[in-house]
Amino acid sequence: RRGEKVADAELFPPTYTSLSKGEVPWSAEDAKVSLKGMRYGEIESWLTSIGERPSRASQLFAWMYRKGKLAENVDEMEGVAAAFRERLAGMATLEGDLALEDIRTAKDGTRKVTYRLKNGGGVVESVIIPSNTPDGRTTVCVSSQLGCAMNCQFCFTAKMGLRRNLSAAQIVEQVVNARRLTGGGLRPPAAAAAAVAAAA
């Protein structure tokens, strides 16, 4: 099905449960529709509901997820009609409700990337682990929850307890930003399955 794969990331695992009819995810900060919280078909439906062509979903997906684009805001989407960009900017956001706070790099090249949740509650992190093998693969661990219920004694995050699951848009934004930093294709984590499936 068109749109099921973007670049080298598998975006629609079969376990995903779609949003309820008419339901769209919202950005906490500016009360706009969060495009990174929707699957391809949901973006098509949303575009139709506002009187736009559903085929514009392919433009939006390309600008959000294709290598070499990974747009952070609507203004970056060159080649998209100016009138549509202007309308979109007033209604929707490409942001993922995260604010990049810090990037720390270890001697081996591992990067810890921390984000503050724009909708409040705290800080989450992603870890980008470079490969030391000939195939050059990079491992990226993203947060799917604020805190953790696993209670691993070696882990500081587990000592917080589970506060809440992140939204699909917040998970996706970590993946997209890791791709900006590495140019690699990433796979979704296993915890917080519903939000991760929506994000993947």
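Glutamate 125 is partly exposed, with a relative accessible area of 32%. This residue belongs to strand E7, which spans residues 123-129, in a predicted model of a protein whose secondary structure comprises five helices and 10 strands.

**Overall fold**

- Of the 200 residues in the protein, 41% are buried.
- The accessible surface amounts to about 10,900 Å², and carbon and sulfur atoms account for 51% of that area.
- When contacts between residues at least 6 apart in sequence are considered, 46% of them join residues at least 24 apart.

**Surroundings of glutamate 125**

- Apart from neighbours within four places in sequence, glutamate 125 is in contact with Lys112, Val113, Thr114, Cys141, Val142, Ser143 and Gln174.
- One of these contacts, lysine 112, also forms a salt bridge with glutamate 125, at an N to O distance of 3.9 Å. Lysine 112 is placed in strand E6 (residues 111-117) and glutamate 125 in strand E7, so the pair ties together parts that are 13 residues apart in sequence.
- Lysine 112 is itself partly exposed, at a relative accessible area of 37%.
- The C-alpha atom of glutamate 125 lies 9.6 Å from that of isoleucine 103, a residue 22 positions away along the chain.

**Other salt bridges**

- Side chains of opposite charge can pair when their charged atoms come close.
- The model contains eight salt bridges by the rule applied, including the pair of lysine 112 and glutamate 125 described above.
- Aspartate 102 and arginine 104 form another salt bridge, with an N to O distance of 2.7 Å. Aspartate 102 counts as partly exposed because its relative accessibility is 29%, whereas arginine 104, at 56%, counts as exposed.
- Arginine 180 pairs with glutamate 173, their closest N and O atoms being 3.5 Å apart. Glutamate 173 has a relative accessibility of 10% and therefore counts as buried, while arginine 180, at 25%, counts as partly exposed.
- Glutamate 173 and arginine 180 are also linked with Lys36 in a network of salt bridges.

**Helix H1 and its cover**

- Helix H1 consists of residues 40-49, and its buried residues are Tyr40, Glu42, Ile43, Glu44, Trp46 and Leu47.
- The elements that cover these buried residues include strand E3 (33-34), helices H2 and H3, and strand E4 (92-93).
- Just after H1, glycine 51 adopts a positive phi of about 85°.

**Surface patches**

- Glutamate 72 counts as partly exposed because its relative accessibility is 45%.
- A nonpolar surface patch is formed by Leu100, Ile103 and Leu181, which together have about 230 Å² of accessible area.
- Leucine 100, a member of the nonpolar patch, is found in strand E5 (residues 98-105). Its relative accessibility of 48% is why leucine 100 counts as partly exposed.
- Isoleucine 103 belongs to this nonpolar patch as well, and its C-alpha atom is the one separated by 9.6 Å from that of glutamate 125.

Methods:
Residues are numbered from 1 along each chain as its sequence is written. This is a predicted model: local features need pLDDT of at least 70, side-chain atom pairs count only at pLDDT 80 or more; totals for chains, interfaces and linings use all residues. Side-chain values use heavy atoms; hydrogens and water are left out. Helices (H or I, at least four residues) and strands (E, at least two) are DSSP runs, numbered from the N terminus. Buried means under 20% relative accessible area, exposed over 50%, partly exposed in between (1.4 Å probe, protein chains only). Contact means heavy atoms within 4.5 Å. Accessible areas come from the Shrake-Rupley method with a 1.4 Å probe; for residues, only the protein chains shown count as cover. Patches are made of residues with over 30% relative accessible area and no salt bridge: like charges are joined within 9 Å, nonpolar side chains (Val, Leu, Ile, Met, Phe, Trp, Tyr) within 5 Å. A salt bridge is a side-chain nitrogen of Lys or Arg within 4 Å of a carboxyl oxygen of Asp or Glu.
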